[in-house]
Amino acid sequence: MFGVSKLSLWVLTGLAAVTTVFFNVYIFLMTLWNKTGKKKRSPSETLIMALAVADVTHQLVCYVWMTMDEVDSSCEIAEMFYTVLLVLMSSFKFTIIWNSSFLTFYYSTKLVSTPNHCYTQIQAAILKHVTLAVFLIPLFGLATCMPILMVFQTGNYTDRVEPQIDCGVLLPESTAGRVYDVIYLLLSDVLPGMVMLKCCISISIHLAIHLRHMKASTNGAHPPKLGSQIRVVQMSLSLVANFLIFLMVDLYVNYEVVVKHKNSMGVTIFITSFYSTVTAIVLIYGKKTLWKTMIH
């Protein structure tokens with residue numbers, strides 16, 4: 001399994017799981033607590049809370065799967081149990097990525113103003129129905145992952161692939177399975193990645209223009225300052241950078257699955273856990289109140 005034993009991955013993922021659950025529970029509770037006195041929750045708070053719930057749930061389901069696979073080394077438990085867990089893990093991963101994408105999109109709309117009226121209307125419509133989107137994304141993710149049960153195959157992998165194969169694992173052995181795997185990657189990784197990359201480019205251009213104008217207005221007397229806006233810029237760009245690193249690793253891991261027929265479930269879980277941990281830390285840093293409270 002990419003040169004790393006299942007036990008090593010279990011330990012590493014356990015460390016990532018602890019930090020992921022801690023930071024995301026902290027984000028959720030603090031965001032919920034800060035609601036007191038406010039009339040309406042902002043779209044960013046709704047997305048952050050939904051992302052925190054998805055991160056924690058995904059982490060718990062993943063660790064149950066890894067633990068049971070480690071305990072049930074002889075694969076005595078019915079394959080359907082592991083299969084259902086695999087579908088849920090893929091579904092929650094889909095939810096995490098799209099929530100992250102929508103969150104980056106929200107921050108880009110707050111930082112970058114566009115003269116395009118049509119684009120502005122689309123932004124307003126999305127942000128107006130952000131609560132509905134938070135509920136629809138998991139449902140769409142589950143619907144997207146359900147075909148795994150039909151197009152992926154179990155087979156007798158234990159004998160003909162490797163002795164360390166995971167119990168009940170499903171691999172895209174057939175042509176339909178490989179085609180679906182590519183479609184799933186496009187929907188769950190590449191498409192939200194394009195949204196995040198577009199937002200990153202928009203924010204970077206906005207930042208460059210803003211700095212140039214500020215420098216021109218001060219005649220170079222002192223370095224320009226962005227004030228509180230720079231924290232949001234740093235957070236948004238960090239979210240995108242973290243995702244792009246995750247995307248490259250995830251696509252490579254899936255390439256190993258589709259082309260070389262290697263089982264990579266443990267590696268996929270670990271990199272997703274690491275991504276969730278870093279995302280939570282970046283979000284805490286971006287919210288000054290969360291950052292200060294955690295430091296204290």
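Is Ala-16 buried or exposed? In this predicted model, Ala-16 has a relative accessible area of 8%, and because this value is under the 20% cut-off, the residue counts as buried.

**Figure 1. Close-up of Ala-16 and the residues it touches.** Ala-16 has its place in helix α1, which covers residues 6-33. Leaving aside residues up to four places away in sequence, Ala-16 touches Ser-273, Phe-274 and Thr-277. Thr-272 lies 256 residues from Ala-16 in sequence, while in space the two are 9.5 Å apart, C-alpha to C-alpha.

**Figure 2. Close-up of helices α3 and α10.** The axes of helix α3 (residues 79-111) and helix α10 (residues 265-286) come within 12 Å and cross at roughly 30 degrees. Because angles under 35 degrees count as roughly parallel, α3 and α10 are described as roughly parallel to each other. Their crossing is left-handed. Among the residues that make the contact are Leu-86, Met-89 and Lys-93 of α3, together with Thr-272, Tyr-275 and Leu-283 of α10. Sorted by class, the contact of α3 with α10 has nine nonpolar, four polar and one charged residues.

**Figure 3. Close-up of aromatic residues, including Tyr-106 and Tyr-107.** The structure holds eleven aromatic pairs. In one of them, the rings of Tyr-106 and Tyr-107 have their centres 5.5 Å apart and their planes at 65 degrees, so this pair is edge-to-face. Tyr-106 and Tyr-107 are both buried. Elsewhere in the list of aromatic residues, Phe-94, Trp-98, Phe-102 and Phe-140 form one aromatic cluster.

Terms used. Residues are numbered from 1 along each chain as its sequence is written. This is a predicted model: local features need pLDDT of at least 70, side-chain atom pairs count only at pLDDT 80 or more; totals for chains, interfaces and linings use all residues. Side-chain values use heavy atoms; hydrogens and water are left out. Helices (H or I, at least four residues) and strands (E, at least two) are DSSP runs, numbered from the N terminus. Buried means under 20% relative accessible area, exposed over 50%, partly exposed in between (1.4 Å probe, protein chains only). Contact means heavy atoms within 4.5 Å. Rings of Phe, Tyr and Trp (its six-membered ring) pair if their centres lie within 6.5 Å; planes under 30 degrees apart count as stacked, over 60 as edge-to-face and the rest as tilted. Axes are lines fitted to C-alpha atoms, for helices over the stretch in contact, and angles run from 0 to 180 degrees between N-to-C directions. Angles under 35 degrees count as roughly parallel, over 145 as roughly antiparallel, 65 to 115 as roughly perpendicular and the rest as oblique. A crossing is left-handed if the near helix is turned anticlockwise from the far one by less than a right angle, and right-handed if clockwise. Ala, Val, Leu, Ile, Met, Phe, Trp, Tyr, Cys and Pro count as nonpolar, Asp, Glu, Lys and Arg as charged, and the others, Gly among them, as polar.
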